[in-house]
Structures are given as C-alpha cells and as structure tokens.
Amino acid sequence: MGTLNILVGVCLIYVVFLFLIAFAAERAALEGKGGWLRSPLIYTLSLSIYCTAWTFYGAVGYAARSGLEYLTIYIGPSLVMIGWWWLLRKLVRIGRSQRITSIADLISSRYGKSNLLAVGVTVLAVIGTTPYIALQLQSVTVSFDVFSSAYGAELTEATQGSNALLVAAGLALFTIVFGTRNLDVNERHHGVVMAVAVEAIVKLFALLAVGIFVVWGLGGGVSETLARIDASEIGQWQMRGDRWATLIFLSGAAFLCLPRMFQVMVVENEDEDHLRTASWAFPAYLMIMSLFVVPIAVVGLDLMPAGSNPDFFVLTVPLATGNDALAMLSFIGGFSSATSMVIVAALALSTMVSNHIVMPIWLSTQSVGASVSGDVRHVVLLSRRISIGAVVFLGYLYFRLSGGGTALASIGLISFAGVAQFLPVLIGGIFWRGATRTGAFVGLTVGFLIWAYTLLLPSFGAGTLVSEAMLTEGPMGLSWLRPQAFFGITGMDPLVHAVFWSILLNTMSFFVASLVGFPSPLERLQGAQFVNVFEHSSTPQSWAGSLAQTEDLMVMAQRIIGAREAQNLFEREAKRQGMSGLLPEPSPDFLQRLERELAGSVGAATAHAMIGQIVGGASVSVEDLMAVADETAQMMEYSSKLEAKSEEQARTARQLRQANEKLTLISEQKDSFLSQVSHELRTPMTSIRAFSEILRDSDRLSEDEKIKYSSIIHDEALRLTRLLDDLLDLSVLESGRVNLNMQSGSLKGILDHAVASALTGAGADKMQVVRNAAYEEITLNTDLDRLSQVFINLIGNAQKYCDANAPKLRIEVGRSNGALVVDFIDNGSGIPKTEQAVIFEKFSRTGEQKVKGAGLGLAICREIMTRLGGAVEYLPGQGGAAFRVTLPEEVALAAQ
Amino acid sequence: MGKNVLVIEDEPNIIEAISFILSRDGWSVATHSNGHDAVGVVQNAMPDLVILDVMLPGKTGYDILRELRSEDATQGLPVLMLTAKGQVKDREMAERAGASRFMTKPFSNAEVLDAVRELVTG
C-alpha cells in the first residue's frame with residue numbers, strides 16, 4: 001500500500017507539474033516572450049497526441065496478438081507526414097486564412113457555411129471520439145488497478161469508478177483552465193500545447209526506459225532479444241495484404257480527420273514552416289515509440305504467466321521483476337498519453353459543440369434586438385466550459401456503461417474508421433471545386449450509417465444492439481445486407497469490410513450528389529477560396545505585427561475616422577503601452593480596440609477585413625467579404641433613402657415655393673383689386689361730396705344749377721350702387737356659390753328683352769341693331785336671366801363704346817363645331833390688339849373714358865358664361881368690336 | 001400775380017366741381033381730360049398752378065409730373081395732386097415724383113381752395 005500511496009502522490013505532483021508548465025507557457029505567451037513556444041519542436045511534440053494510451057499500452061498487446069500489424073498504426077501517419085506534406089500544408093494554410101477553429105468549421109465553411117453540416121460533423125465527431133475518451137479513462141483506471149493488484153490491494157468496482165471520475169474531473173478542469181482562459185481569435189492555447197509537448201517527452205522517455213530495461217535488463221542484450229523474437233510467433237512474417245492496406249489507410253485518414261489531430265496540427269499551428277520540420281521529426285518520433293514494442297511483447301509473453309493481458313506488459317513486466325520505480329515511470333507515461341489525448345480531444349470537441357450547437361441555440365433564443373451584437377464573450381466562454389465538461393463526462397459515462405473489457409486496440413480502430421468518414425469530404429473540399437454541400441451531406445450520412453451498421457453496432461457483441469440472427473442472416477432475412485458481409489461477400493475481415501464499404505459508398509455518393517446538384521454562390525466562392533488557397537493568400541505572418549504595420553494602420557485610421565481622432569487614439573494607445581513614441585505596438589489588444597473604433601464608422605465586418613488585410617495574420621475570407629457587402633448594401637440603402645428623402649424635401653420646397661408665389665400673386669391681385677375698388681368708390685364719392693358742399697355752402701346758386709348739381713349727386717349715387725351690385729355679383733359668381741335658375745325660353749325672346757333693356761336713355765335711338773329673326777327661333781334651356789345679363793352687357797358696351805358716326809350693331813346667330821354662337825359686332829373702331837387680352841380682367845376699361853362704368857361688366861360676363869358651360873370671347877378681325885358668346889350644344893338641343 | 005389754374009382730370013363731374021369752386025373764388029380755370037398730351041398743354045398754358053389727377057387715360061399723373069419736373073420751365077411749377085387711391089404708398093409716389101401738395105379724394109372743397117391759395121401765393 002505504501003507504494004500505491006507514493007504512486008498517487010507522484011501522480012498528483014505530476015499533474016501539478018503539468019499545471020505549472022501550462023501556466024508558465026500561457027504567461028510567457030501573454031508577455032510576448034513566447035518565441036520558444038512557437039518552435040517547430042514543440043509543434044512536432046504536440047502532434048504526438050496521436051500516440052494515446054492505446055499506442056502506449058495497446059501497441060505491445062497488439063504485437064503480442066497480431067505480430068507486426070501494429071506497425072500499420074505508425075506507418076499511416078508517417079506516410080501522410082512525409083508523402084502528403086503538401087496536403088497538410090494546404091490544410092494549415094486554409095485553416096489560417098479562413099480562421100478555421102475545428103474540422104467541423106472547416107467542412108461547414110467549405111460547403112457554404114452550412115451550420116447543418118457543422119452540426120452533423122460535430123455530432124459524428126462526438127460519437128466517434130467518446131469511446132476513445134472512455135478508452136483513455138479505462139486505461140488509467142485499469143493500469144492503476146494493475147498496479148494495486150500487484151501489491152495485493154484488490155480495488156472494488158466502485159473505487160475504480162470513482163478513480164475514473166476523479167481523473168475525468170481533473171482532465172476537464174485542466175482543459176477548462178487552459179483551454180478557455182481567454183478567447184483568442186486564432187484559438188491557440190499555448191499552455192495546453194506546452195503541456196502536451198512535455199507529456200510527449202515523458203511518454204517517449206517512459207517507453208524507452210521500459211524497452212531498454214527489457215532488452216538489456218531482462219532480454220540479455222540486443223542479440224539475445226533478437227534471437228527470442230525469431231523464436232516467437234511474432235517474428236514470423238504473417239502479413240495479410242488487405243488488412244495492412246486498410247489499417248495503413250485508416251490510420252493515415254484518422255491522422256488527418258481526428259478532431260484532436262486537427263486541433264494540434266491546423267488550429268494550434270503557429271507557422272506553416274513548422275510542418276517542414278514535423279514532416280521528418282514526427283515519423284522519427286513514431287519510429288522511436290515503436291522501437292521496443294516487439295521486444296517488450298516477446299519478453300512479456302515469455303515472462304508473464306499465460307493468460308495475462310498483454311496490453312499492460314509495459315506496466316506488468318517491470319512490476320513482476322520488482323522494478324517499482326520503472327513501473328511507476330511507465331505508469332506516468334501511460335497516464336501522460338491518456339491525459340494529453342483527453343485534454344486536446346475535449347478542447348477540440350468543445351469548440352465544435354459550443355460553436356456549432358450551443359451558441360446557435362443560445363443566439364436563437366435571444367429575442368430580436370437583444371445585445372447579440374454586443375459582448376458575448378462570457379457566453380461563449382461559459383458555453384465552451386460546459387461543453388468541455390459534457391464531452392469528458394460523456395466519455396466517463398461510456399466507460400461506466402460499457403464496463404470496459406474490449407481490447408484497447410479494437411476500440412481505437414472503430415473510432416478511426418468513424419472519423420475516416422470525413423476524409424472524402426475533406427479532401428474533395430480542398431481539391432475539387434465541384435464538391436457541393438449536398439454531396440458532402442449525403443456522403444457523410446452514407447459513410448456514417450454504413451460504419452455504424454457494419455462496425456459500431458456489431459462491436460458491442462452479438463445479442464446486444466444487433467441480434468445474432470441479424471449478423472448471420474441479415475436484417476429481415478436479407479442476407480445481402482448482413483452487417484459483416486455486404487452483397488454476399490463473405491470471408492472478409494470485419495474491419496476491412498466495414499472500411500471498404502463505408503469509404504467506397506461515402507466517396508461515391510459524395511461525388512454523385514455533388515455532380516447532380518449545383519453549388520450555391522457562397523459555396524462556389526468558398527470552394528474557390530479553399531481549392532486555390534495558395535493563389536489567394538500570401539504567406540501568413542504572425543499576428544503580432546511590426547511598427548511599419550502600425551503606420552499603415554495609422555494611414556487607414558486617419559482616412560476613416562479623421563486625422564485628429566486617429567492621432568489621438570494612437571497616442572493614447574502608445575501611452576497605455578508605455579511606448580515613448582506616438583505609435584503603439586500592434587498588439588492584439590490594440591488591434592481589437594482599433595477595430596472597434598473603426599467599426600463605428602464602416603461597420604464591423606469591413607473594419608475586421610481592413611485590419612486583417614494590413615496586419616496579415618488572417619486574410620480576408622469570403623464570409624468577411626459577404627459581411628462587407630451586406631454592410632455596404634445597408635449603407636447604400638440608407639443613403640438612397642436619404643437621397644429619396646432629400647429629393648422629397650426638395651420637391652416639397654419647390655411646391656412650397658410655388659404655393660408661396662401663387663399666394664404672393666393672389667395677394668398682389670387682392671391688393672390691386674382693393675386699390676381699384678377704392679379708386680372706383682372714391683371717384684363718385686368725390687363728386688357727391690364736392691357738389692353737396694357746393695349746394696350747402698353757396699347761397700347764390702341758380703335753380704338750374706341746383707337741379708344740375710343735385711342730378712349729378714343722384715347719378716353718382718346710382719353709379720356707386722351699381723358698382724357695389726357688380727362687385728357683389730362678381731364675388732358670388734367667382735366663389736362658385738351661384739344658384740342657376742334653369743328655364744326654357746327662346747333665344748329671340750331673350751335678345752328682344754336684352755336689346756330693349758340695354759338701349760334705354762339718351763341716345764338709345766342712335767344705335768341701329770341688325771338681327772335675323774329666322775335664325776333666332778331656338779329654344780334654350782339655361783339660366784335665362786343670367787344669359788340676358790350677358791347680352792345686355794355686350795349690347796350696352798356697343799352702345800357706350802362704338803365710335804362710328806352711325807353706330808350699328810349686328811347680332812348674328814350661328815353654329816360652330818356644334819355649339820351655338822351668338823356674335824355681337826359693331827361698326828366702331830374696335831379694340832386695339834394690345835388690349836384685347838385684358839378686357840375681360842376686372843377694372844380694365846379701355847381707351848378714352850367717355851362713359852361711366854366700373855370696368856367689371858366683361859369680367860362678370862365671362863364668369864357667367866363659365867357657369868353656364870359656355871364662353872364669351874373677343875372676335876378679332878370683324879372691323880368693329882366683336883364679341884362671341886358660345887353656348888354648349890346641350891343648352892340648344894331643345895331647339896331642333 | 002396770376003390766377004390761372006389748369007385742372008387735368010378725366011372725371012367730368014369732378015372737373016365741374018373744381019372749376020365751380022375755383023371760379024367762384026376768382027380763379028381762371030382751364031381743364032384737360034387725358035394724359036397723352038397733358039405735358040404739352042401745361043407747357044403751352046403755363047398756368048400758375050396745376051391740379052393733377054393720377055389715374056388718367058393715356059399717361060399717369062406721376063409720369064406727367066416727372067416730365068414736368070425734368071423741364072426747366074416747369075421745374076418749380078406748383079402742382080396739387082389729387083388721387084382716389086388713398087394708400088400710403090401713393091402719397092410716397094407723389095412726393096417722389098415732385099408733387100407740391102397731395103390730396104386724397106374725396107376732398108373738402110375748403111381744403112382744396114386753401115391749398116390752391118397757399119401754393120400760388122406762397
């Protein structure tokens with residue numbers, strides 16, 4: 001028990017040590033002293049999370065069971081690293097230029113930002129990874145169990161469970177602490193990567209130590225050990241080509257597609273050039289890792305009693321030989337392998353779960369108009385943390401429910417085959433522009449269904465999730481659908497069978513569905529961005545820029561927010577950073593603040609794209625451009641609205657001006673009218689007043705004079721009355737409130753009456769009126785009194801103004817365009833052309849004033865004729881003054 | 001000292017009234033009733049005073065007055081303007097045109113007489 005306590009103590013110290021390492025790395029990165037953190041060595045070591053507890057413990061077991069086949073697990077990634085270097089480089093470049101956060105993000109971005117696809121990939125990744133996490137927990141608890149049973153302390157199942165829970169909680173805590181310290185745009189976690197790198201060294205060291213101990217301590221040297229190997233079954237070269245090819249393909253594919261591998265390889269990548277080092281260093285690491293696997297297996301099989309689990313030879317061999325310290329180191333190595341995998345896997349999966357499932361749901365539950373655009377960082381962080389806890393807990397749950405027991409390697413392979421389904425979509429996406437979202441969706445769905453049906457479900461054992469009958473006879477007796485013998489092809493290894501069919505059908509359906517459908521515009525653009533990533537993006541530089549970039553930023557900021565504002569901002573920032581000059585370092589903090597500042601003027605997406613372009617840490621993605629276009633469209637819409645509004649205002653102003661002009665004109669006309677009325681009233685009043693005073697003041701007036709002056713007063717009074725009558729009449733006519741008294745009567749009768757009324761008083765006889773009674777036999781239906789008023793006025797005017805010696809007036813009745821016309825033509829000198837236009841205006845008397853008249857007559861005539869639906873106009877070219885009265889057809893219809 | 005007054009006015013009744021009032025007071029009154037040739041008539045007659053209406057056929061009283069004022073002979077001729085338009089701006093127009101006196105119709109006979117006496121003697 002003493003050793004067991006020491007083991008627990010060492011474990012705790014080791015965990016604390018990891019925390020310190022991670023913390024120191026984070027701190028160094030924060031202070032900008034983390035140059036060494038970004039070395040290719042660290043990058044290469046971080047890739048070693050590929051070697052989990054499965055590789056650490058399981059490889060020996062694998063070798064003990066299946067000979068050299070375990071090597072395939074190392075060959076696959078090595079081939080990818082060496083042979084597919086260009087593919088990795090493309091992945092890394094895309095990941096950086098598009099700010100990809102996970103493999104789900106990559107696939108969804110490529111296929112037109114489809115969140116559905118992202119959710120699908122996330123769910124599949126979780127399904128594929130959960131057993132793997134469970135596997136790690138299992139390895140830790142089982143190895144602990146092995147250790148303790150060696151000291152005679154049998155652990156109960158409950159203790160095992162709580163051990164696993166403890167480990168799970170610790171790993172979740174670590175991941176939360178170092179995986180979600182802050183929200184880095186580039187999703188880099190220096191602490192985690194550093195801890196993983198240290199663990200990589202620890203596990204390599206532990207495995208080497210055990211190997212050296214086995215070969216030289218137990219095997220008796222290299223040649224002895226080689227002899228033992230030759231003697232054992234493992235030494236016999238038994239190679240099944242199909243299985244080897246499948247396994248190499250599978251491990252290579254998994255190396256590319258595993259969420260945790262994507263995390264360290266693409267997301268955490270600091271520099272594309274690190275790949276160059278890793279392409280030889282990582283295969284070398286794998287080679288060293290695999291170096292002592294066979295010796296340990298052979299010596300273990302020799303040494304250990306029959307039936308002991310070869311998966312834990314790394315641990316049990318030193319224990320059995322009483323080498324506790326080495327066993328403890330070995331345990332720490334296995335522990336390191338397990339923990340580093342869980343940490344990175346939880347980190348990668350939580351990013352996917354949080355970004356593609358939790359956040360979209362959270363955002364959609366926010367009411368519209370809530371501060372979604374505001375700071376959601378705390379929500380994102382919380383969602384990440386919860387996701388980490390959930391992912392780890394899911395692994396723990398799987399471990400508890402499955403009860404362990406299955407060989408480590410087989411769980412690992414099932415997981416590999418699961419994530420390998422991402423491969424066609426991934427490769428197709430970055431090399432084939434024709435790949436569509438539908439294709440990706442169909443391919444992934446088909447691949448995963450077949451994988452689950454042929455590999456995952458049967459792995460639980462016949463009789464659990466799939467019945468025995470289904471395995472041997474197929475579902476519903478359809479033998480060609482047997483999970484392990486599609487289309488009746490029997491005798492195939494179940495793994496090979498599953499991988500072959502799932503990848504084949506996955507790829508085929510992906511291609512066919514892509515060819516059948518058409519990509520959306522966004523997909524086209526994204527596809528081009530991904531496939532031609534090397535043409536579009538320059539070599540990405542580190543986010544931390546130089547002062548030269550600050551100058552560029554300054555120039556840009558000045559253009560956008562104004563020179564003074566920009567200078568103030570930069571000076572303030574420089575002061576905050578403690579810089580002596582006027583230009584601050586382009587620290588992420590400053591860039592963020594600047595971006596916010598610019599966003600106020602040009603919109604968030606545009607600001608981000610602009611800064612990204614200058615600093616170069618991330619080039620402009622299609623999504624950015626789309627957002628920029630959106631913003632621009634909004635601004636254009638806004639400005640066109642403004643334009644429309646200002647046009648409307650201009651129109652209103654124009655209308656107001658016109659209305660004002662009209663009002664001014666009306667006001668002037670009113671003034672002029674009042675002035676004229678005043679004049680017309682004052683003139684007769686002047687006579688009246690003057691003669692009244694004469695009559696009053698003069699006592700020497702003759703009777704004749706008295707009569708004459710009284711008559712003048714009388715006439716002028718009448719003139720005043722007439723004027724007032726005319727004014728009132730005109731006002732009524734103009735206001736349109738006139739009531740027409742429609743009657744029937746003959747035109748002749750009206751003219752008779754008009755002539756008689758007009759030609760009264762002195763000189764009435766002088767005027768000769770010429771008429772043709774035959775034409776006047778027309779019955780009219782109109783306001784006869786008003787029409788008569790017009791006729792009287794016109795005849796009266798002729799009498800007043802005709803200057804001929806023998807005045808003569810012709811009244812002619814006729815038709816013009818169907819309408820009835822009555823012309824009044826005298827033989828005088830007529831009205832001069834210049835005055836013809838104004839005679840119908842109020843108070844426009846013409847020529848020499850021989851006769852009294854207010855000048856309202858023709859104005860009244862015109863108003864009356866308008867009311868009657870006709871017209872009165874001057875008829876030029878008739879010798880004397882000539883007026884034509886036109887009556888509408890219907891007025892004269894009764895005549896026929 | 002002359003006692004000749006020229007009345008330029010188009011309303012016959014007003015001409016008659018003014019003629020009567022002035023004649024009774026011993027003035028010799030000549031009349032003219034349109035604007036066209038009014039300036040020539042004034043220059044020929046060279047009266048001691050002109051009573052000038054504003055609203056005349058052919059030419060306004062203001063124009064006639066301005067022409068008279070521009071001629072040396074009639075520059076200082078006393079002119080009494082009569083108008084039926086009683087607004088302030090009409091009085092200003094008359095003053096600017098150079099009227100010696102401005103009266104609004106209807107006028108009081110006594111006032112016209114007083115004004116004529118004042119303008120000629122004084």
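In what order do the elements of chain B run from the N terminus on? In this predicted model, the order is β-α-β-α-β-α-β-α-β-α, and the secondary structure of chain B amounts to 5 helices and 5 strands. Chain B has 122 residues, of which 43% are buried. Of the contacts in chain B that link residues at least 6 apart in sequence, 56% are between residues at least 24 apart.

Chain B touches chain A through 19 residues, and chain A contributes 18 residues to this contact. On the side of chain A, the elements that supply two or more residues are helix 29 (622–697) and helix 30 (703–735). Helix 29 of chain A gives the most, with 13 residues. Classified by residue type, the side of chain A that touches chain B consists of 5 nonpolar, 8 polar and 5 charged residues.

Within chain A, helix 12 (residues 259–267) packs against helix 16 (residues 324–365). The axes of the two helices lie 8 Å apart and form an angle of about 90°. Angles of 65 to 115 degrees count as roughly perpendicular, and helix 12 and helix 16 of chain A are therefore assigned to that class.

Conventions
Residues are numbered from 1 along each chain as its sequence is written. Chains are lettered from A and ligands numbered from 1 in the order in which they are written. This is a predicted model: local features need pLDDT of at least 70, side-chain atom pairs count only at pLDDT 80 or more; totals for chains, interfaces and linings use all residues. Two residues are in contact if their C-beta atoms, placed from the backbone, lie within 7 Å. Helices (H or I, at least four residues) and strands (E, at least two) are DSSP runs, numbered from the N terminus. Ala, Val, Leu, Ile, Met, Phe, Trp, Tyr, Cys and Pro count as nonpolar, Asp, Glu, Lys and Arg as charged, and the others, Gly among them, as polar. Axes are lines fitted to C-alpha atoms, for helices over the stretch in contact, and angles run from 0 to 180 degrees between N-to-C directions. Angles under 35 degrees count as roughly parallel, over 145 as roughly antiparallel, 65 to 115 as roughly perpendicular and the rest as oblique. A residue is buried if 20 or more other C-beta atoms lie within 10 Å of its own, exposed if 12 or fewer, and partly exposed in between; C-beta atoms are placed from the backbone.
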